[in-house]
Amino acid sequence: MPLPTTGGHWQQHALWEQCSPACVIFGWEQMPPRPELDIWALGLCDTTAQRSRDPERQVGCVILRPDKTVAATGYNGFPRRVCDDPGLYEDRDAKLHRTIHAELAAILTARECLEGYTLYVNRMPCSHCAACIIQKGISRVVTYPTPTTSRWLQSWQHARAMFSEANVTVDYISNQDDNITNSS
Ligand SMILES: [Zn+2]
């Protein structure tokens with residue numbers, strides 16, 4: 001029996017299971033539902049963060065165009081061509097002086113204007129990154145909920161205030177129950 005040439009995937013699925021064990025072989029009946037875009041993009045941030053050499057914290061950032069394609073990715077680390085010796089990451093003072101945060105790494109990697117784009121990052125942006133995000137014209141930030149205790153609290157406070165003043169929407173998505181909270 002020839003494969004159906006019209007209809008969506010699930011229509012094909014329904015026809016296929018009458019004539020072929022392919023559905024069972026590929027496990028399509030167990031296929032989970034497609035993740036919502038924001039959740040998918042934050043998961044991509046988590047994956048991107050795995051490239052960081054920082055043993056203390058791995059942060060990943062993804063910038064999406066309005067058409068949902070990826071404009072740039074970035075993670076926290078030293079600039080290109082700079083010595084990446086693990087010992088420098090262990091030296092906290094040296095690390096702080098040399099590190100580019102994930103958001104700025106993504107912004108600097110992008111080769112186009114970012115006006116109206118959405119920036120995803122798996123940790124609330126610090127005030128310095130927030131300033132850069134605003135300055136580039138990025139209109140929306142999506143991140144996980146901010147921890148309630150951290151040495152970054154003051155920085156996050158300024159970041160939130162600036163995002164609000166500049167009309168940048170910030171959406172917090174819980175990675176537990178996928179609740180969305182809009183902050184501005
Ligand atoms: Zn930052």
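This is a predicted model: local features need pLDDT of at least 70, side-chain atom pairs count only at pLDDT 80 or more; totals for chains, interfaces and linings use all residues.

User: At what angle do α7 and α8 pack, and how far apart are their axes?

Analyst: Axes are lines fitted to C-alpha atoms, for helices over the stretch in contact, and angles run from 0 to 180 degrees between N-to-C directions. Here α7 (residues 127–135) and α8 (residues 153–165) pack at about 20°, with axes 8 Å apart. The crossing of α7 past α8 is right-handed, that is, the near helix is turned clockwise from the far one by less than a right angle (left-handed if anticlockwise).

User: Which residues of α7 and α8 meet?

Analyst: Two residues are in contact if their C-beta atoms, placed from the backbone, lie within 7 Å. From α7, Ser-127, Ala-130, Ala-131 and Ile-134 meet Ser-155, His-158, Ala-159, Met-162 and Phe-163 of α8. By class, this contact has 6 nonpolar, 3 polar and no charged residues.

User: What span should the 13 residues of α8 have?

Analyst: The expected span is 1.5 Å times one less than the number of residues. For α8 this gives 18 Å, and its end C-alpha atoms are 18 Å apart, which agrees. After α8 comes Asn-167, with a positive phi near 60°.

User: Where does Lys-68 lie, and is this residue exposed or buried?

Analyst: A residue is exposed if 12 or fewer other C-beta atoms, placed from the backbone, lie within 10 Å of its own, buried if 20 or more do, and partly exposed in between. Lys-68 lies in the loop between β1 (60–64) and β2 (70–75), and its phi is positive, near 75°. Lys-68 counts as exposed because it has 10 C-beta neighbours inside 10 Å. Arg-81 lies in the loop between β2 and α4 (86–90), with a phi near 75°. Having 6 such neighbours, Arg-81 also counts as exposed.

User: How many helices and strands are there in the chain?

Analyst: Helices (H or I, at least four residues) and strands (E, at least two) are DSSP runs, numbered from the N terminus. The chain has 8 helices and 6 strands. Of its 184 residues, 27% are buried.

Technical notes:
Residues are numbered from 1 along each chain as its sequence is written. Ala, Val, Leu, Ile, Met, Phe, Trp, Tyr, Cys and Pro count as nonpolar, Asp, Glu, Lys and Arg as charged, and the others, Gly among them, as polar.
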